[in-house]
Amino acid sequence: MKKFRKGIITHEEVSEITCNACNKIIWVFGKDTESIPPDFLEVSKDWGYSSKWDLENHSFDICMSCYDMIISNFKHPIQVEDYQAFINVK
Ligand SMILES: [Zn+2]
C-alpha cells in the first residue's frame, strides 16, 4: 500500500518556437492567442545503428519560408496529397 502526499507538479510547455534555419520567431505563447498559429515543419529523428549518430535524437523546427526553400532544391519533388478533395465530399 502506498500513501500519497500533496505535492506541487511542475511541467514544461512551449513558450516560443523559432526556425532553426533562419532564426525567425514562428510563434510566441500568449502573443498570438487570437490568431491561428502559423504552421511549421517539426522534425524529430531517432538515428539508428547504421548511422553516424547512433542512439541520438535530432530535432528541429523549420518555418514555411525555409521549408519552401529547402524543398525547392530537391532533385525529386516532394509527394503532395491534397486533402481538399476529402473536405468537399458530400
Ligand atoms: Zn526559417
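Here are some numbered notes on the chain, going from its overall build to single residues.

1. What you have here is a predicted model, so local features are given only where pLDDT is at least 70 and side-chain atom pairs count only at pLDDT 80 or more, while totals for chains, interfaces and linings use all residues. Residue numbers start from 1 along each chain as its sequence is written.

2. Start with the layout. The chain has 2 helices and 4 strands, and from the N terminus on they come in the order β-β-β-β-α-α. Both kinds of element are DSSP runs numbered from the N terminus: helices are H or I with at least four residues, strands are E with at least two.

3. Next, the overall dimensions. The radius of gyration is 20 Å, whereas a compact globule of 90 residues would come out near 12 Å. That radius is taken over C-alpha atoms, and the globule rule is 2.2 Å times the number of residues to the power 0.38. Along the principal axes, the C-alpha atoms fill a box of roughly 60 × 45 × 35 Å.

4. How much of the chain is buried? The cut-offs work on C-beta atoms placed from the backbone: 20 or more others within 10 Å makes a residue buried, 12 or fewer makes it exposed, and anything in between is partly exposed.

5. Strand 1 (16–18) and strand 2 (25–28) pair in the antiparallel sense over 3 bridges; pairing here takes at least two DSSP bridges between the strands. Glutamate 16 has valine 28 in strand 2 as its bridge partner. The hairpin leaves 6 residues between the two strands.

6. Asparagine 23 deserves a look while you're there. It sits in the loop between strand 1 and strand 2 and has a positive phi of about 70 degrees, although it is not a glycine. Asparagine 23 is exposed because it has 8 other C-beta atoms within 10 Å.

7. Strand 3 (residues 41–46) has 6 residues and the number buried is 0, so it lies largely in the open. It pairs with strand 4 (residues 57–62) in the antiparallel sense, over 6 bridges. Within that pairing, valine 43 stands opposite phenylalanine 60 of strand 4.

8. With 9 other C-beta atoms within 10 Å, leucine 55 is exposed.

9. Which residues does aspartate 61 touch? Leaving out residues up to four places away in sequence, they are Ile17, Cys19, Asn20, Ile26, Phe40, Leu41 and Glu42. A contact means that the two C-beta atoms, placed from the backbone, lie within 7 Å. Aspartate 61 lies in strand 4 and counts as partly exposed because it has 18 C-beta neighbours inside 10 Å. Its C-alpha atom is separated by 39 Å from that of phenylalanine 4, 57 residues apart along the chain.

10. Last, the helical end. Isoleucine 78 is in the loop between helix 1 (64–72) and helix 2 (84–87), and it is exposed, with 9 other C-beta atoms within 10 Å. Isoleucine 78 and isoleucine 25 are 53 residues apart along the chain, and their C-alpha atoms are separated by 25 Å. For the chain as a whole, 35% of contacts between residues at least 6 apart in sequence join residues at least 24 apart.
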